[in-house]
Amino acid sequence: MSTIQLTKSDVGRALVRHHFAPCKSQEDAFHRLRSIQFDPIAPVGSNHDLVLQSRVKGYKIGDWQKLAYKDRHVYDGWDKMASLVPFEGWPLRRYIYKVGRRSFEDRIFRDHKDAVELVLKELTDRGPMMPKDFEFQQRREEWKGSWFGPSVTKQTLRALWHAGMVMTSGRKGGQHLYDLTERVVPQRFRDEPLLAEKDAIRELVLERHRAMGIVRPTAPAEIWSYQVLMHDKRDALAELVKEGRIVPVEVEGVKAHATPDFLALLGQPSLKPTVRFIAPLDQFMWDRKMIAHVFGFEYIWEIYTPLAKRKWGYYVLPVLFGDRLVARAEFWNRNGVLELREWLFEKGQPKPAFWPALEKAMEGFMHYCSSTKIVARDHIDPTVRNFIEKIVE
C-alpha cells in the first residue's frame, strides 16, 4: 500500500476532531478512547478525571467511580499502564494478563504457592477485601524497597491482579478493594473465546490506533504497554496494513499509520473554537514527539523532575484553543478554592476570541472541581490573573 502524504495543519485539525468532538456521555468517551490511563495524583482531580472533563459536558471529579464500581461499565485494570477500560475490551486484554503473570511466575506463583492458595481462599470465602483485611499476613523483610514492599500478602494480590485472577472491585480511600475475577467480570465477557496470541497482539495494536487516530511505529514503549506489544508490533502493523485496517502516512517527513476513520476526518472543518484543559496522560498527548511535530508544542510531565530543573511546573496542563495548543496552566484545587499556580502562553497573547472562550472554560472547570472561588498567584501575567479572578465576581 502506498504512503499517503499529509500536512501538519490537516493532521492537527483531524487530531482535535478525533479526540474532542463532543461526547454524549462517559460511556461514549470510553468507547472512543478504548481505555483511560489511571493515575492517583490529584492536584485538580486525577488524570482520568481530567481526560473525561475535556470531553464530557458537566463531568465532575469522581463521577467515573459509579460507572466502574456500580454500573460495571468499565473495569479498573491494566492496558497502557493502570487504566480504566470498558468491559467490552476485557476479553481481548486477557493476553495482557498472560504477559503480566510472567513477571511474578517464579517469585510468587512458584516460591509462594501457599500464599496464592490462602489469598484466593479468603477472597472466595469472605468476598472483597483490602490487603490489610486478610487474616493471612506475611512479610519478607528482604523485599523492602521493592515495588510492592515487604508484604507477601500485598505482593501476592498484585501478582494475582496482574495475572487477571483477581480484579479491583472498588476502592476505599483510593486503595484497591480486591475480589475474584469471576465476581467482577460479567459472564457474557468471560464466555467469549480466547484469541490466539498472534491475533490478540494484532487487535491490541489496532486498539492503540483506534484510540489515537494516528501513531508513529517508533512511538514510545509505554504506548505499546512495554513488553506486551513493543517487541511484537512489527508483524502486527504489517498485517493490519495488508488488511487495510491502518494506512501508512507521512506527515511532512514523519512516518506513521492512521486508521481509515481518522483519514476521513481530514476534509472536515475545524471544531468550534473552544478552550480545553488537557490531561498530561491524555491519548491526545501520548506521542509527545508527534504533538511537537504537528503543533510545535514541546511537553514534558514534570512531576518527577526535581524542582530546580522544571521548565514549566509540577502538574502542567496543555491548553487547547481551536486547533492550537496556546498555553500551559497549572491548577491546584482544595476546599472549594481553585488556585491558578502557573500560566504560560506559547507565543504571545492569543486572539480576542480566546478570552470569552476561556471564561466559559473556567466556569466549566470550576464546576468540574466543585469550587466556588478562584485565585491566581501574584507572579502570573496580570492580564490573565485579573481576567481569571473576575470570573466569579
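This is a predicted model: local features need pLDDT of at least 70, side-chain atom pairs count only at pLDDT 80 or more; totals for chains, interfaces and linings use all residues.
Helices here are DSSP runs of H or I with at least four residues, numbered from the N terminus.

View 1. The volume of the largest cavity is about 70 Å³. Around the largest cavity you will find L15, H19, M212, I214, Q283, F284, D287, M290 and I291. Sorted by class, this lining holds 6 nonpolar, 2 polar and 1 charged residues. Searching the whole structure turns up 2 cavities of 30 Å³ or more.

**View 2. The second largest cavity has a volume of about 40 Å³.** Its lining is made up of V16, F20, L271, K272, T274, R276, L320 and G322. For the second largest cavity, the class count comes to 4 nonpolar, 2 polar and 2 charged residues.

**View 3. Helix 14 packs against helix 15.** Here helix 14 (residues 354-369) and helix 15 (residues 382-389) make an angle of about 50°, and their axes lie 10 Å apart. The two helices are therefore oblique to each other, and their crossing is right-handed. On the helix 14 side, W355, L358, E359 and M362 take part, meeting T383, V384, F387 and I388 of helix 15. By class, this contact between helix 14 and helix 15 counts 6 nonpolar, 1 polar and 1 charged residues.

Key. Residues are numbered from 1 along each chain as its sequence is written. Side-chain values use heavy atoms; hydrogens and water are left out. Axes are lines fitted to C-alpha atoms, for helices over the stretch in contact, and angles run from 0 to 180 degrees between N-to-C directions. Angles under 35 degrees count as roughly parallel, over 145 as roughly antiparallel, 65 to 115 as roughly perpendicular and the rest as oblique. A crossing is left-handed if the near helix is turned anticlockwise from the far one by less than a right angle, and right-handed if clockwise. Contact means heavy atoms within 4.5 Å. Ala, Val, Leu, Ile, Met, Phe, Trp, Tyr, Cys and Pro count as nonpolar, Asp, Glu, Lys and Arg as charged, and the others, Gly among them, as polar. On a 1 Å grid over the protein atoms alone, a cavity is a set of points where a 1.4 Å probe fits but cannot get out, and a pocket is an open set with protein on both sides within 12 Å along at least five of seven lines; lining residues have an atom within 4 Å of a point. Grid points are joined across faces, edges and corners, and a volume is the space filled by probe spheres set on the points.
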